[in-house]
Amino acid sequence: MSANASPSGQPPTATYDSAFLKACRREAVPHTPVWFMRQAGRSLPEYRKVREGIPMLESCMRPELVTEITLQPVRRHDVDAAIYFSDIVVPLKAIGVDLDIKPGVGPVVEQPVRTRADLARLRDLSPEDVSYVTEAIGLLTRELGPTPLIGFAGAPFTLASYLVEGGPSRTYENAKAMMYGDPELWADLLDRLADITAAFLKVQIEAGASAVQLFDSWAGALAPADYRGSVMAASAKVFRAVAGYGVPRIHFGVGTGELLKLMGEAGADVVGVDWRVPLDEAARRVGPGKALQGNLDPTVLFTDKETVEAKAGEVLDAAAGLEGHVFNLGHGVMPNTDPDALTRLVDYVHTRTAR
């Protein structure tokens, strides 16, 4: 049981009664909590300043830098949760995969995983491989106090897509070819990645993360039958592995409107919804017993204050009947977003939903 949970006979931690964790648990909240995917990043001038000249993966391995970057949007925007600054490929790099994050491209893998011999190169992840994560989260939780920290990892399908394709893809032709043409190798690859992902999340929770989010960024490329038959078991294995810690588990993907029910069934406590499906319809698809997170279109932030508030109001109206709602964007903050628009949006949601 995690220190973030509040089992009988143990006092709750500083974060336990936060609006964010209450919403994840589908309890009454003082206001709708807000955080943003990619809230720590290129939209902030202070981020660009501290990251100047430091490669992305190196920046993820410097505890003091990770702490500063993670805290920046909490200070600036007054969001209800911080999300740990990292990248979904960090655990792959930590186990020795030869990859780099190339500016303007994304993660590039030197030797893609295409055969069983390639799979054998993916060893287990140990806490010692990512000791900088434990150190950074220790620093962060001391600074954050009652503000929860969200840990995160990439889901097995999305990690497999990068590994098999060798980098970002729009078609996932190699990954899907393995999934359809060599289902046994595919299943073994996703199972191995589930173990690596679960180990990475456990490190974050044990260091003090109050919740975790599994990003299946590219799952929207899958038909529901393929997700259920070839992907869901691996994600479910990750969620089962961390269930005993008692922290909320969030599941998010892009373009996953047809998969929302399955993504909830995989084991999430909170299902993230992108901007394509209204939250009331998403709730119908997901079914009872889950909180929802989302789902303002990130491009709305490029309009004027009145339009942002009107569109955010539509999201809040659609969420009015939900069991639990965490306000977020339908995907990450875009790099050219005005930071002040985010600050105003947080204030609007807090004020509009104050109980």
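**Core and salt bridges in a predicted model**

Me: Which residues touch the most other members of the largest nonpolar core?

Reply: In this predicted model, the largest nonpolar core has 129 residues, and Phe20, Leu189, Tyr227 and Leu345 touch the most other members. Such a core is a set of buried Ala, Val, Leu, Ile, Met, Phe, Trp, Tyr and Cys residues joined through side-chain atoms within 4.5 Å, where buried means under 20% relative accessible area, exposed over 50% and partly exposed in between, with a 1.4 Å probe and protein chains only.

Me: Which helix gives the largest share of this core?

Reply: Helix 10 (residues 183–207) does, with 13 residues; helices are DSSP runs of H or I with at least four residues, strands are E runs of at least two, and both are numbered from the N terminus.

Me: What does Leu345 touch?

Reply: Leaving out residues up to four places away in sequence, leucine 345 touches Phe36, Leu296, Leu301, Val308, Ala312, Phe327 and Leu329, with contact meaning heavy atoms within 4.5 Å.

Me: New topic: how many salt bridges does the structure hold?

Reply: The structure holds 20, each being a side-chain nitrogen of Lys or Arg within 4 Å of a carboxyl oxygen of Asp or Glu. One of them joins aspartate 317 and arginine 352, whose closest N and O atoms are 2.5 Å apart. Aspartate 317 lies in helix 15 (residues 305–318) and arginine 352 in helix 16 (residues 339–353), so this pair ties together parts 35 residues apart in sequence.

Me: Which residues are linked in a network of salt bridges?

Reply: Glu46, Arg76 and Asp340 are.

Conventions:
Residues numbered from 1 in each chain as written. Predicted model: local features only at pLDDT ≥ 70, side-chain atom pairs only at ≥ 80, totals over all residues. Heavy atoms only, no water.
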